[in-house]
Amino acid sequence: MAKIVVTAPQLPAALDLLSEHQVVGGDHFMDREELAQNIQGADALLSSLSDPLDAQMIQQAGPQLKVIGQCAAGFNNIDLQAARQANIAVTTTPGVLHEATADLAFALLLQVTRRTGEAERLVRAGKAWRYDHTFMLGMGLQGATLGIVGLGQIGEAMARRGAAFGMNILYSAHSDKDTSRIGGKVRRVSNDELIASSDVVSLHCPLTNETRHLIDADALNSMKESAYLVNTARGACVDEKALASALQKGQIAGAGLDVYEDEPAISPELMRMENVVLLPHIGSATRPTREKMSALTARNILAVLEGRQPENQL
Ligand code: GLV
């Protein structure tokens with residue numbers, strides 16, 4: 001029987017599959033101290049994207065730790081080099097969450113360009129309104145340009161949605177991608193051209209040294225004043241202070257955010273802005289998607305423990 005530490009609340013879809021083993025946790029978030037204690041002697045970790053799995057934490061585990069099953073697509077919280085050195089397999093959950101995450105990214109795009117958050121707040125506040133030809137005008141999507149940073153599975157799913165709404169698609173990536181499933185006009189450009197030419201810039205890249213603060217003050221300054229930023233990737237891909245300042249100065253038209261640099265904290269300036277939509281990191285949060293993520297993570301862990309190749313090893 002293996003000791004499997006589950007660092008955060010989990011669904012039965014994962015816990016049931018692991019029930020033959022000694023499962024520690026799974027019903028609450030472990031802070032650094034609790035995780036550091038529980039990881040000692042663990043054979044496997046079912047981790048969540050905010051766990052501090054740095055070199056120190058990984059060393060704390062001991063030589064028996066064989067697998068970190070991260071229940072997320074992103075893995076910027078894990079020191080991969082330290083894991084590799086310690087011979088620990090790290091797995092993630094691609095292939096099951098891209099459609100749900102792209103749905104949410106497109107919801108943010110629609111919300112911010114059509115001002116639905118602002119409009120709903122007005123109605124709920126009981127403010128006076130009537131049908132008015134000149135009231136609450138937003139941006140149209142037909143013929144507008146959607147710039148996708150990172151055309152992986154989620155970026156491609158977002159591009160398909162944009163094309164279906166009549167948007168022209170620009171993307172930036174390290175290499176040309178197969179765009180045959182997207183339809184409409186699609187072109188690969190540099191990050192700089194994408195940022196300067198898009199009506200909506202949507203981030204779908206992992207957080208790496210290269211993408212940290214990719215959207216900084218200069219990038220925001222080079223965006224169109226009428227353009228919007230959507231971020232469902234990682235908060236630190238955007239310099240949040242620079243974003244608040246650009247929005248205050250009217251350098252861009254608005255932002256739709258699901259992730260934050262220091263989440264769950266959010267810059268107070270952003271909280272006050274009507275042209276900003278703020279969601280609590282729920283990109284993949286549909287029940288079927290989260291159940292698939294849970295089951296896949298558990299299967300990955302069991303595969304490594306049983307000496308088989310997991311589906312999604314990094
Ligand atoms: C969510 O942000 C994920 O990486 O799965």
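User: With which residue does D103 form a salt bridge, and how far apart are the closest N and O atoms?

Analyst: A salt bridge is a side-chain nitrogen of Lys or Arg within 4 Å of a carboxyl oxygen of Asp or Glu. In this predicted model, D103 is joined to R161 in this way, with 2.8 Å between the closest N and O atoms. The two residues belong to distant parts of the chain, 58 residues apart: D103 sits in helix α5 (residues 98–113) and R161 in helix α7 (residues 153–164). Helices (H or I, at least four residues) and strands (E, at least two) are DSSP runs, numbered from the N terminus. Residues are numbered from 1 along each chain as its sequence is written, and side-chain values use heavy atoms, without hydrogens and water. Local features need pLDDT of at least 70 and side-chain atom pairs 80 or more, whereas totals for chains, interfaces and linings use all residues.

User: Is R161 buried or exposed?

Analyst: The terms rest on relative accessible area: buried is under 20%, exposed over 50%, and partly exposed in between (1.4 Å probe, protein chains only). R161 is buried, since its value is 16%.

User: How many salt bridges does a search of the whole structure find?

Analyst: The search finds 17. One of them joins the side chains of K66 and D43, at 3.7 Å from N to O. K66 lies in the loop between α3 (55–61) and β4 (67–70), and D43 in the loop between α2 (32–38) and β3 (44–47), so this pair ties together parts that are 23 residues apart in sequence. In terms of accessibility, K66 is partly exposed at 36%, while D43 is buried at 15%.

User: Which residue forms a salt bridge with E118?

Analyst: The partner of E118 is R115, and their closest N and O atoms are 3.0 Å apart. Here E118 is the buried member, with a relative accessible area of 17%, and R115 is partly exposed at 26%. Salt bridges may also share partners: E99, D103, E156, R160, R161, D178 and R181 are joined into one network in this manner.

User: Why is strand β7 described as largely enclosed by the rest of the structure?

Analyst: Strand β7 (residues 168–172) is so described because 4 of its 5 residues are buried.

User: How many bridges join strand β6 to β7?

Analyst: Two strands pair if DSSP finds at least two bridges between them. Strand β6 (residues 145–149) is joined to β7 by 5 bridges, and the two run parallel. Within this pairing, T145 in β6 stands opposite N168 in β7. Strand β7 also pairs with strand β8 (residues 186–188), again in the parallel sense, over 3 bridges. There, L170 has R187 of β8 as its bridge partner.

User: Where does UniProt place the NAD-binding domain feature?

Analyst: The unreviewed UniProt entry places "domain: D-isomer specific 2-hydroxyacid dehydrogenase NAD-binding" at residues 106–283. UniProt positions follow the numbering used here, feature names are shortened, and annotations may be inferred rather than shown by experiment. Over residues 106–283, the chain is 32% helix and 16% strand, and the end C-alpha atoms lie 10 Å apart.
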